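Biologist: I am new to this structure and would be grateful for a close look at a single part of it. Please describe that part and its surroundings in one connected account.

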Amino acid sequence: MVRMQPAGFLIMGVSGSGKSTLGYALAQQLAWDFLDADDFHPAENIAKMAAGIPLNDSDRTPWLGALNERLLSTLKAGSHPVLACSALKAKYRAELLAGMENIAVIHLKGSYDLISSRLSMRAGHFMKSEMLQSQFSTLEEPQDALVLDVAMPLGDMLDTINKKYFISKRSSK
């Protein structure tokens, strides 16, 4: 059975939920373009977060605009983007996806304790575990997303995505 294939994916959730891991694996599996929103932050944003200061909307606006432009240019070039981005508020998702159709949203959802433990083990990232509570407070859960539990194994997540959006793996004997 053929499913509605999206033109791209937005993988969203709080820091430490596994967006980059899932996004990279999905992009590799599909031979699509992986984009990590963290790579698009200006130096000022990174310095602010590294100092433990959450970003505000004025910090995010140019970053979201740059991401939107990159998504649009990827689609116009005939490629399919897989973007890993926190996209915690509905208005951020609207800004990211403005001018695009058929981008599937995947929300990685998990408990504060599990995600906090993941962040505490992560080395060399500017996002500190102390800022996780601000992300959970900011999060506006999407109504139109595929929700995946962050405790699921990566392979199970990929299988769930494939079953929802792509050709069923049933044998055609």
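**Valine 150 and its surroundings**

Modeller: Apart from neighbours within four places in sequence, valine 150 contacts Ser17, Leu108, Lys109, Gly110, Leu114, Ile115, Arg118 and Met157. This is a predicted model, with an average pLDDT of 88 for the protein and a score of at least 70 for 88% of the residues. In residues 169-173, however, the pLDDT falls below 50, and this stretch has 2 contacts in the model beyond near neighbours in sequence.

Valine 150 itself lies in the loop that runs between β5 (146-149) and α7 (154-165). Its relative accessibility is 1%, and it therefore counts as buried, the limit being under 20%. Isoleucine 115, one of its contacts, is 35 residues away along the chain, yet the two C-alpha atoms are separated by 8.3 Å.

Met157, another contact of valine 150, also takes part in the packing of α7 against α1. Helix α1 (residues 19-30) and α7 meet at an angle of about 55°, and their axes are 10 Å apart; the two helices are therefore oblique to each other. Their crossing is right-handed. On the α1 side the contact involves Thr21, Leu22, Ala25, Leu26 and Gln29, while α7 contributes Leu154, Met157, Leu158, Ile161 and Asn162.

Ile161 leads on to the largest nonpolar core, which has 45 residues; Phe9, Leu10 and Ile161 touch the most other members. Beyond four places in sequence, isoleucine 161 contacts Phe9, Leu22, Leu26, Ile106, Leu146, Leu148 and Phe166.

Key:
Residues are numbered from 1 along each chain as its sequence is written. This is a predicted model: local features need pLDDT of at least 70, side-chain atom pairs count only at pLDDT 80 or more; totals for chains, interfaces and linings use all residues. Side-chain values use heavy atoms; hydrogens and water are left out. pLDDT is the predictor's confidence in each residue, from 0 to 100. Contact means heavy atoms within 4.5 Å. A nonpolar core is a set of buried Ala, Val, Leu, Ile, Met, Phe, Trp, Tyr and Cys residues joined through side-chain atoms within 4.5 Å. Buried means under 20% relative accessible area, exposed over 50%, partly exposed in between (1.4 Å probe, protein chains only). Helices (H or I, at least four residues) and strands (E, at least two) are DSSP runs, numbered from the N terminus. Axes are lines fitted to C-alpha atoms, for helices over the stretch in contact, and angles run from 0 to 180 degrees between N-to-C directions. Angles under 35 degrees count as roughly parallel, over 145 as roughly antiparallel, 65 to 115 as roughly perpendicular and the rest as oblique. A crossing is left-handed if the near helix is turned anticlockwise from the far one by less than a right angle, and right-handed if clockwise.
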